[in-house]
Amino acid sequence: LLLGIPIEKAWTTPIEWVEPTDLLKQIEKRPANSYVKVLLKFSLEMDASLRKTQLEALHSLNNVCNKLDRRLMLELIIPDEFDTDGNSLSKAMKKIYEENIYPVWWKIPSVETHNEWALIDSVLDQYDPQGNIIILGYGAKMEEIKKRISTAKTSKFVQGFAIGRTIFWETWIGLLNNEIEINQVSSKIEQKYENLVQQWKS
């Protein structure tokens, strides 16, 4: 079981930690076998001062993880005002590696083409051949996610997916609009999830 416990307040930019206390104390009281998961909004195109602030926060977290021998899971999100593609993701990942920060796991949005995955793979080939990637759905429609899963499987670093809204959101809205019964919810969500699992396995 891979357990990643968030350390940041959700979607804060600049990063804010979940507790105002010392980072080391926060992480020290967590299970030693859990991953320290952080969501970082970052792009080389963002304002230089914000970019510096984000990297400084990430350095602080990485230093604590190294001191406590804890594993870092980095969810990298390109801010909405910039393109989220293989080029921007690979450049952001390269910059983080150049800062001597080596996440055990990356969580990144799935990209559309084999060429984009080749850019990302080349960064890990250069800096961390043992690296691992989980792809995010980012709320995309089922058919789009299935296409992206098929494309992502060509990367030797992609180990799986973390898909949420794609699986449950439509069903949840259907329930709120009285289009389905409550006893149908779990089976509909299960069916969608199984559909993606089979797409991954195919």
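# Checking the calls

User: Why does Glu 190 count as exposed?

Analyst: Its relative accessibility is 56%. Exposed means over 50% relative accessible area, buried means under 20%, and partly exposed is in between (1.4 Å probe, protein chains only). So Glu 190 counts as exposed. Glu 190 belongs to helix α7; helices (H or I, at least four residues) and strands (E, at least two) are DSSP runs, numbered from the N terminus. This is a predicted model: local features need pLDDT of at least 70, side-chain atom pairs count only at pLDDT 80 or more, and totals for chains, interfaces and linings use all residues. Residues are numbered from 1 along each chain as its sequence is written, and side-chain values use heavy atoms, without hydrogens and water.

User: How far is Glu 190 from Ile 167 in sequence and in space?

Analyst: They are 23 residues apart in sequence. In space, C-alpha to C-alpha, the separation is 8.2 Å.

User: How do you know that the length of α7 agrees with its 17 residues?

Analyst: The expected span is 1.5 Å times one less than the number of residues. For α7 that should be 24 Å, and its end C-alpha atoms are 25 Å apart, which agrees.

User: Which residues of α7 are buried, and what makes them line one face?

Analyst: Val 185, Lys 192, Leu 196, Val 197 and Gln 199 are buried. Seen down the axis of α7, they fall within an arc of 160 degrees, so they line one face of the helix. The arc is taken from the directions from the helix axis to the C-beta atoms. The other side of α7 carries exposed Ser 186, Glu 190, Gln 191 and Lys 201. Cover for the buried residues includes α5, β6 and α6.

User: What makes the buried residues of α4 fall on the same side?

Analyst: The buried residues are Glu 116, Trp 117, Ile 120, Asp 121, Val 123, Leu 124 and Tyr 127. They cover an arc of only 155 degrees around the axis, which puts them on the same side of α4. An α-helix has 3.6 residues a turn, so residues three or four places apart point the same way. Exposed Asn 115 and Gln 126 sit on the face of α4 turned away from the buried side. The buried residues pack against α3, β4, β5, α5 and β6.

User: How do you know that the span of α4 agrees with its 14 residues?

Analyst: Helix α4 (residues 114–127) should span 20 Å, and its end C-alpha atoms are 20 Å apart, which agrees.

User: Why is Lys 107 called buried?

Analyst: Its relative accessible area is 14%, so Lys 107 is buried. Lys 107 is in strand β4. Beyond four places in sequence, its contacts (heavy atoms within 4.5 Å) include Lys 37, Met 73, Glu 75, Ile 134 and Ala 162.

User: What makes the phi of Asp 69 stand out?

Analyst: Phi is positive, about 60 degrees, although Asp 69 is not a glycine. Most residues other than glycine have a negative phi, and most peptide bonds are trans. Asp 69 lies in the loop between α2 and β3. Asp 69 is exposed, at 66% relative accessible area. Asn 178 also has a positive phi, near 60 degrees, and is not a glycine. Asn 178 is in the loop between α6 and α7 and counts as exposed at 69% relative accessibility.

User: Which peptide bond is cis?

Analyst: The bond joining Thr 13 and Pro 14 is cis, with omega about 0 degrees. Pro 14 is in the loop between β1 and α1.

User: Which residues are closest to the centre of the largest pocket, and how much space lies in it?

Analyst: About 230 Å³ of space lies in the largest pocket. Of its 16 lining residues, Trp 11, Leu 39, Glu 75, Leu 136 and Arg 165 are the closest to its centre. Strands β2 and β3 each give two or more residues to the lining. On a 1 Å grid over the protein atoms alone, a pocket is an open set of points where a 1.4 Å probe fits, with protein on both sides within 12 Å along at least five of seven lines; lining residues have an atom within 4 Å of a point. A volume is the space filled by probe spheres set on the points, which are joined across faces, edges and corners.

User: Which helix gives the most to the lining of the second largest pocket?

Analyst: Helix α6 does, with four residues. The second largest pocket holds about 160 Å³ of space. Its lining residues include Arg 165, Trp 169, Glu 170 and Lys 192.
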